[in-house]
Every structure is written in structure tokens, then in C-alpha cells.
Amino acid sequence: MIMISRKLFATGVAVCLTLGLQGQKKEKLNLSLDAIWSGFFDEKKKQTHMMHTSNRFAFIQTRPEQNLEMIFSLDFETGRLIDTVFTNQVKQANDSLPITFTFFEDYEFSPDDSKILIKTQIEPLFSSSTKEFNYIWDIPNKVMKTVTAEGKQWYSSFSPDSKKLAYVREGNLYVKDLQTDAVQPITFDGALGQNLYGMADALYENNFGMMKAYQWSPDGQYIAFLRFNEAAVKSFPIAYYDRVYPDVSKLRYPKAGEMVPEVSVFIYNIKSKIMIPVDVGINTNQYITGIKWQPDGKALLVQRLNRAQTQLDVLLADTKNGHTSNLFSESKPDYVKVNPDNMYFLPSRNSFLWLSEDSGYNQIYEVNMANGQKRKVTKGDWDVFEIKAVNEGSGEIFYTGNESSPREKHLYKINIDGTKRKKLTDANGYHNVQLTSNNRYFIDEYSSLNTPSSLQMYNTEGYTINGRLLENKELKAKMSEYKIPNADFITFTTKRNDELRAWIIKPYDAPAKKMPLIIYVYGGQSRQEVIDQWDDKTTLTMRYLANQGYMVACVDPRGTPGRGEAFRKATYKKPGDVEMEDIITFKNHLINNYRIDTSNVAIMGWSYGGYLAALAATKYAGLFKASVAIAPVTNWRLYDNVYTERMLQAPGENADGYFAASPVNFVNNYQGGLLLLHGTADDNVHFQNSMELSKLLIQNRKQFDELFYPDYLHNISDNSPNSARIHLFTKINDFLKAQFSK
């Protein structure tokens, strides 16, 4: 008989209990809309910016418990922190004690790195542009100055010599001398809705990617700028209901077939105060989509697009008299793709790099400045997104593109002669990069569909430098405690032999029974939805919906970008039908290959996706149990002219196409199951769209659900906690539960 001491026995029991507890799997928590939209799962961001005169970059570090916010600089070569270049506890040269400055949201270095533009109280101007209060921190002299106390500034930028600052305020363009503090007005009659100087309007921002519409000359002695005369553009009223008598704001908005703003180009001599108009032709019914100074400052290149968007001219303007000649033109039978900021000069070769779809895919070309002849640099059935930099000495071009996969973004380099193409980023997913001024190093912000972003330093041979700057470990730890199902990519081939890409999300605790299906879609020509990139709030919301017992799926149908010209333009003159054909094929593919409850299939989308959901409920009634249309276009005659005419031509040229593409014309088909959601102050897809569809459904005695968000814009969004989004998706979830239980 073996004797065991009490002490040893007690120890053994304790060990067994410990092992037993360790073996128990901790129950994961349920996802909630409140957590998603209140910032609990938000990524940490470093707000990085490159410095211009060294191999350094800067980033913001915040310590809220100390009321402290700092901008640190870090050296690529050593991987070490170098300096604190700014702190909100400002101690100026003659101060004995620091003064706590307001928290700031962003910043920008002057070209010589001697000054920092500090941006505070940032608020939206249009959909992407902002206005803010700006301050200048003089680093060597330790002096802080306001740019102006008269109001927020828009589109501020330093002159090339760092001695001046240009900015727009209330539609007028100004230049401030940072040595004397003297402010020089360049224009005087600017005002929103009338004349805009040095800034684009919402139409150009949304459709051409243009925001700041002025440029310093290389020597800083001139400013070239655009003037938007909006007098001929009709105003659209938007009511705000947060007062006893609602306020009505009138927004200049050219709808399909209506007059567009008249855009002029000017060159201003800052010293002599002389304004030179640039000859862009006598036809005002056109678009000016870009300006760029020649490196020697002797000429300004102007991009001019005709109203039909079938021809893009690049004009060469003499800076002395404004006379122009046509350097070259691009034309297409449907429409020309406009690339923002589309010129990268190579002075030693008397040429510039240019993005074009001439080959059917967005590729890099070299354009000869002497004769306008183009030579192709990159070749392939994939798209270049952006030219990032050029080393003329070594003959290397750095660019981003999707050669690896239409759902990915990587950094590449290639020789100017088209040889030695090399991918510099590795992991599958999305890589947003910033390069140093000498192109020796870059920062890579990387994420994938199921992985939050990380920040890593590399050299341009593709090798890492030290450890990661940011890994979002805290967020990943939080996520591991919750029931967060992965999204999985799938591809399938249609009967037309088109390969379509999609993702699917199954419930974390997948039920044994068949699942209802929700198809989430965007589908428009301006954005892919099926990309390998982390999108914390939107995709987490889709994962939350999946956990309610549904399969949630998303597809990029024909008509979306990233797959070349033919794929994107498949919807030309006939939008809606092409996308719906692919969405229905996708639905059938899922039904045939997964455990789907065929009687409970819904479609949901926002903006263009909302349009497709509204079309599914009307023209394609009966194919979906429910349709959730958020801020949809319901009548293409009501949307802006650039986007609509690019897709459908002018109303008088394609009346049948407008009719066939608009859900309002098919309300008689409607069989039920529509939830219509819209912000009443939507300045992009006007509330009028939902009002027209709602009115026609009522007149035809059709029952449907609708919910409108008073005074909310197109994105129906608040700050954190985002009460509007929590309310919106709670409503959608409740609606779908009710529909699927019928």
C-alpha cells in the first residue's frame, strides 16, 4: 500500500483544479451595435507625415491623462525617436512656463521643415474636404502664430520656399507672408454659391477628386487657380428642422441635363499683383479637371474635359500671356477616365508620367513635352492606382496597383523603360504607403479583411526596419473576447464567363438549419466593396448581422472599378440591369452551394447600393423577400450631372435609358418588403429621391416601411457614440427579423 502525505495530496488537488480551470474555454461575448459604433473596436492611428529634408517622419502621440498631445519625429535609418517637434503644452521663446494649447487633429510640415501647420477644430466642408483653425509653429524660433482669427481656413498650403502660406476662406484666396504677417487678398468677390476661388465645388470634389484648386509656381512667385462661377447653376433647397421656423439652405447643384458651373483659370503674380486669364476656350459648357505647373515655371498645363466626357485635352498655357496650345488629347466613345493630380514631371527627360486607360486598364505612360507623344511604361491586365514617386537618377518609378489581385493594393517599382518591375509589399491585403523625399524608405499601413491595420517601416528594397510601429494589439485582444466571425472571399463564374468576386460571413455559432441570406452591395463605378482591407465599423456591423442567424454576403458586380475599363463600363447607358443580373446570379450561386433558406433572401445597400436595392424591390420585384434601400437614387433625372451623364449620357440623348434605370417607373411591380431610409439634409443624393418613390408607392396603394433622419446628411452619422448609426442598424435588424419571420 502506498502512503500519500496530506500536503502532497492537497498540492495534487490544487494542480488538478488549476489544470481543469485552464482547460475550460472562456465564453466569448456577443457583438453589439453599441460597442461597434461607440468606438470600442476603433483602430489606433498614428497620423503620420513625412518630413521633407531628412529620412524622418512624424506622428502624433496623445496622453489624455496628462492633457498632453505631442508630435514626435523618428529616423528611418536608426529606427529611433529623434525629437519632440511640437507639443500642445506650448512654451514659446520668451515664456517661463508652458501654455496648454488646444488638442489638434492634424498637421503639416513646411517644405524646409522649419514650420508646422497645426490644424484644430476640423469640420467637414463637402464630402471629403475640411475647414479648420490653423496655427503656425516656427520650430527654430519657438513662436506660435494664428493664420487668421477671422474664420476657419480651407486648403492651406506653404509656398515652396516656406515663407508664405496660401489659404481659402469663404470662397476667396489669400496669401500670408509668414515673416511680416501681412495678408494679401488675391480675390475679393468669392462666396459660397456664387464665385469660388482656389477651391473646387462639391460637384468636382465628388466626381473628379478635386478639392484644392490652386497651385504655387515652383519659385513661389505665382499662384495658378480656378474660379468656379456658379451663377448659372440652379439651387436646390435643403430644409433643417432643428428650430421653430425651419431654415432653408440653398445648394448649387447641377442635375442631369442642367447647367454646370463656369470654370476659369488664372495666373496671379504675387509681387506685381497682376492677374493673367488663361485661355481655356469659349465654350463654358465644359469641365477643367486639373492644373499643374511645368517644373521651370514657364508654362501651366491645364486639363479640359468636354461636357459629354468623351474628350480630355491637355493644354499648355504660357504664363506670360495665358495663351494656350493643345499638347495632346485622349478620347473615348463612352467616357474618359479622369485621374486626380495626373502628372508627374521628369525634367531631365522633358516629359511627364500620365495615367491612362488607353490599353483598357489604368496604366502609366510617359508623355513627351515637345510633341505630346505617349509611350507605355507599365503593361498588364490590372490597374495602376497612383504614381507615388520617381527617382530620375536611377530611373525608378514607384506606384501602387492591384496586379496581385483585384481586391489588393501593393507598392511596386519599375524602371522608366518598363523593365525590372518589383513588388515591394508582401502580405496579401491592402497597403497604404508613404515614401521619404529621396524614396529610400517608406511606411506601410497594412490591413486585410479580417486583420486590423499595422504600421511598419521598410526600405525600398523591400526589407523591414526594426519592429512594427503599431500593431493594434489592444484591439486584437478585445476582438478575441467576442464572437466575431471571419469573412471569407469566394469567386464564381457567371454564364457569361465573367469571374465575380465576393465575400461571405456565416454566424459565429452557425445554426444547423438553413440560414436567411442578406446580400449587401454597393455596385457603383466609383468604389469596390470586395477588397482585402479592414473596415472596422462597416464589416463589424455585417458580422453582427451574421450573428443574428443570417449569412451575410457581398459581391462586386460588373460596373465596379478595379477590373479594367470593359468591366467598369459594362453598365454604360444601361445601369441597374447589368448589376442586377450579376446579383441574382450571385444569389443563385449561394443557394446552390450553401445552406440558404431560399424563402428568406434580402438585399441591402447604401447610395448606389440603395439604388440597386430600390430597383430590386420594384423592377425586379419578387426575387427578394426584403429590400433595405439607404439614401437611394430613385430617379436618375434627380442626380448630379457629372456622374449621371458619364453613365447615361444627357437626358435628351438617352431618354429610354433614364426610364429603364429608375425605380420610380416600376412601382406597379412592387410586391412588398421595402424599408426606405434617408437623411433629410442629404446634399449628395437628395431626400427628394426617397420622397418621389414614397409618393408613388402611396398613390399606388403599396405598403412599405420608411424612416427618415431629420437634418442628417448622406452618411447618416454622428460623432462617437454614433447614435444615428446605432439607431439605423437596429431598425434594419428589427425589420429583417420581422420580414424573415413572415
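Visitor: How many bridges pair strand S7 (residues 106–109) with strand S8 (residues 115–124), and in which sense?

Guide: Strands of a sheet pair through backbone hydrogen bonds, either parallel or antiparallel. Here, S7 and S8 pair in the antiparallel sense over 4 bridges, with Glu-108 standing opposite Leu-117 in S8. Two strands count as paired if DSSP finds at least two bridges between them. Strands (E, at least two residues) and helices (H or I, at least four) are DSSP runs, numbered from the N terminus. Keep in mind that this is a predicted model, where local features need pLDDT of at least 70, side-chain atom pairs need 80 or more, and totals for chains, interfaces and linings use all residues. Residues are numbered from 1 along each chain as its sequence is written, and side-chain values use heavy atoms, without hydrogens and water.

Visitor: What do S7 and S8 form, and which residue in the turn has a positive phi?

Guide: They make a hairpin with 5 residues between the two strands, and Asp-113 in that turn has a positive phi of about 65°. Most residues other than glycine have a negative phi, and most peptide bonds are trans. Asn-350 also has a positive phi, near 50°. You'll find Asn-350 in the loop between S26 and S27.

Visitor: In what order do the strands run in the open sheet of 4 strands?

Guide: Read it as S26-S27-S28-S29, paired antiparallel. Its edges are strand S26 (344–346) and strand S29 (374–376), each of which pairs on one side only. On average, neighbouring strands of this sheet are turned by 35° against each other, direction ignored. Angles like this use axes, which are lines fitted to C-alpha atoms (for helices, over the stretch in contact), and run from 0 to 180 degrees between N-to-C directions.

Visitor: How many bridges join S26 to strand S27 (residues 351–356)?

Guide: There are 3 bridges between this antiparallel pair. Look for Tyr-344, whose bridge partner in S27 is Leu-353.

Visitor: Now the open sheet of 8 strands: what is its order, and what kind of pairing does it have?

Guide: The order is S37-S38-S40-S39-S41-S42-S43-S44, and the pairing is mixed. Strand S37 (487–493) and strand S44 (705–709) are the edge strands, pairing on one side only. Neighbours in this sheet are turned by 20° against each other on average, direction ignored. For a parallel pair, go to strand S43 (residues 674–679), which 5 bridges join to S44. There, Leu-675 stands opposite Asp-705 in S44.

Visitor: Which helix lies across S43 and S44?

Guide: That's helix H11 (residues 688–699), running at about 145° to S43.

Visitor: And where does Pro-721 lie?

Guide: Pro-721 lies in the loop between S44 and helix H12 (723–740). Check the peptide bond from Ser-720 to Pro-721: this bond is cis, with omega near 0°.

Visitor: Which residues of H7 and H8 meet?

Guide: From H7 come Asp-577, Glu-579, Met-580 and Ile-583, and they meet Tyr-608, Leu-612, Leu-615 and Ala-616 in H8. Contact means heavy atoms within 4.5 Å.
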